[in-house]
Amino acid sequence: MGRITLDKVTKSFGAVEVIPPLDLTIEDGEFTVFVGPSGCGKSTLLRLIAGLEDVSSGQIRIDSKDATDVPPARRGLAMVFQSYALYPHMSVRKNIAFPLRMARMDRAEIDRRVEAAASVLNLTDYLDRRPGQLSGGQRQRVAIGRAIVREPAAFLFDEPLSNLDAALRVGMRLEISELHERLTTTMIYVTHDQVEAMTMADRIVVLRAGHIEQVGSPLELYRTPRNLFVAGFIGSPRMNFIEGELARRVGAHTLGIRPEHIAVSDSGGEWSGTVGVSEHLGSDTMFHVHGTGLAETITVRADGEVGFKHGDRIHMTPRPDAMHRFDAAGLRIG
Amino acid sequence: MATRHSRSAARLMMAPAVILLLGWMLVPLTMTLWFSFRKYLPLRGGDLGWAGLENYSRFVSSSAFWPSVQATLIIVGGVLAITVCLGILLALLLDQPMWGQGVVRILVIAPFFVMPTVSALVWKNMFMDPVNGLFAHLFKAFGAEPVSWLSQAALPSIILIVSWQWLPFATLILLTAIQSLDREQLEAAEMDGAPPLKRFWHIILPHLSRAVTVVILIQTIFLLSVFAEIFVTTQGAFGTRTLTYLIFQRVLESQNVGLGSAGGVYAIILANIVALFLMRIVGKNLDR
């Protein structure tokens, strides 16, 4: 069980209010991702849930029991840190067993659980090594192992993949997702990387300056972003924003169109411009188009084989049903 | 090419320093060895010729020898125990955020800048004097009989003085070690359910092991040759005659350079035995 409720939680450091009153419920078994630019308060929020920081006001309930003043160890949560925070002088086995030893569990049970966790995480061959002798990915798995042996009510991940290289990150992303499928325990995951958020989450919480901008499933956020911030943050490459005459004609202040919802052609289309930089990814090509008179740059995503060169004339046609309209305050219309 | 040239140039330029240091070490060592085999009494006829191993056997068979080795080891061990234990506690304390942190840290380091002779005189006259010392006043204030520290408890008193001098060094090194501990490790341990004492025992103390090793090794080197503190307080009386002090007495008070030199060679051997034990016990911490 692991249903976590935040009720008007605030956090201030001195005079600076990092988290203004915030309400959020995380359902049991849900994989929730907190995402936002750095400094948006997402790590602070996680640390409040963990109990490593005290809330300034408000209430945190875990399984509908008030946990606001419960010390971290007794909240039944396990945390994986960005730096892994492994104990360098202990072997992998001792690292994983540490929370169980602290709980005074009996030896046989500790051994059984450590072995089980090690086999789930492919760490059996490394149990007697020190963290210093492991690679980044293996250390990450030890940190996860140390969390799962406790069989917590919920897992908290604080940017766990940001210290890994790109290839390893994709691999670990899958492993964590699979782990969630297998354990079906509540997981809260903090990241600044919207790709991680989109690929892993059941539900994404987009934060900015301590405010929740939008909560929803990855596709909800992609299809119907509630405001300009979410629209620009979710999706890669970024959504194009068009202001001025064209937007006014459809009754909006700003018009949003994603790069993948624009068709390109060399003969004719609604808009036209000059190709600037083009990024070839093989599967797709991103064109940065200038001189359209709509915005400084319009980014377009086209098929990998489309062969426009720098300086070429390009014609573009947006998909009319994929246009997002926003009012002057940046809120979605319709 | 460039590297080979610069390497030989580097050797050439380092040579003066290396030769100076070697001479600095080798000349006194050779002279000590040479004198230890001579019968050399400066005020009673000077160099009286070859003595063979007589100086060595006389130094060891003297009734003062084993007590002096014992006193040396007690002082070294006592000071190490006090400075390491109190050093860890003080370092933990100073690591806490508090008002006036900078000033307090400088004050803690201050005793290290006081010369050994001066600090021993201050302790002897201002604290431990059985008539005018602060301790005597304190004892009298509670109606107790003042202790004459340097005669009734001479060895503990010297250990106290030397510990006071070396505590800042230990504290400083251990404090920097504590500050280098990753905060997330402590938070992880907190989440794992370790109460403060267990966090200290399982996380902080192992993290400090290397710094403790450094403190022990460096202090031992200096503590084996403690001299000024004994010279200005007990003059080697009341069981405070260390090996260093015994050698000093043989050379200067008995005017027997040969005998003292033999003692010096024994001191080298003792230092090496102690170093060997230390490396065995704590040195493995440095390998990591």
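Reply: Domain bounds here come from an automatic or database domain assignment. The model itself is predicted. With that in mind, the assignment for chain A gives domain 1 (4–228) and domain 2 (237–333), and the C-alpha centres of domain 1 and domain 2 of chain A lie 38 Å apart.

Me: What makes domain 1 and domain 2 of chain A count as being in contact?

Reply: Two residues are in contact if their C-beta atoms, placed from the backbone, lie within 7 Å, and by that criterion five residues of domain 1 of chain A are in contact with six residues of domain 2 of chain A. The side of domain 1 of chain A that touches domain 2 of chain A divides into two nonpolar, two polar and one charged residues.

Me: Why are helices H2(A) and H4(A) called roughly parallel to each other?

Reply: Helix H2 (residues 92–102) and helix H4 (residues 136–148) of chain A pack at an angle of about 30°, with their axes 7 Å apart. Angles under 35 degrees count as roughly parallel, and H2(A) and H4(A) are therefore described in that way. H2(A) passes H4(A) in a right-handed crossing, where Val92(A), Asn95(A), Ile96(A), Phe98(A) and Pro99(A) of H2(A) meet Val142(A), Gly145(A) and Arg146(A) of H4(A). By class, this contact has five nonpolar, two polar and one charged residues.

Me: Which elements of chain B give two or more residues to the side that touches chain A?

Reply: The contact takes 13 residues from chain B and 15 residues from chain A. On the side of chain B, the elements that give two or more residues are helix H9 (183–191) and helix H10 (196–223), and H9(B) gives the most, with six residues. The residues of this side of chain B divide into five nonpolar, two polar and six charged.

Me: Why are H9(B) and H10(B) called oblique to each other?

Reply: H9(B) and H10(B) pack at an angle of about 140°, with their axes 10 Å apart. Roughly antiparallel would need an angle over 145 degrees, and roughly perpendicular one of 65 to 115, so H9(B) and H10(B) are oblique to each other. H9(B) passes H10(B) in a right-handed crossing, and the contact is made by Gln185(B), Leu186(B), Ala189(B) and Glu190(B) of H9(B) and Arg199(B), His202(B) and Ile203(B) of H10(B). The residues of the contact of H9(B) with H10(B) divide into three nonpolar, two polar and two charged.

Technical notes:
Residues numbered from 1 in each chain as written. Chains lettered and ligands numbered in written order. Predicted model: local features only at pLDDT ≥ 70, side-chain atom pairs only at ≥ 80, totals over all residues. Axes fitted to C-alpha atoms, helices over the stretch in contact; angles between N-to-C directions. Helix = DSSP H or I, 4+ residues; strand = E, 2+ residues; numbered from the N terminus. Left-handed = near helix turned anticlockwise from the far one by under 90°. Nonpolar A, V, L, I, M, F, W, Y, C, P; charged D, E, K, R; others polar.
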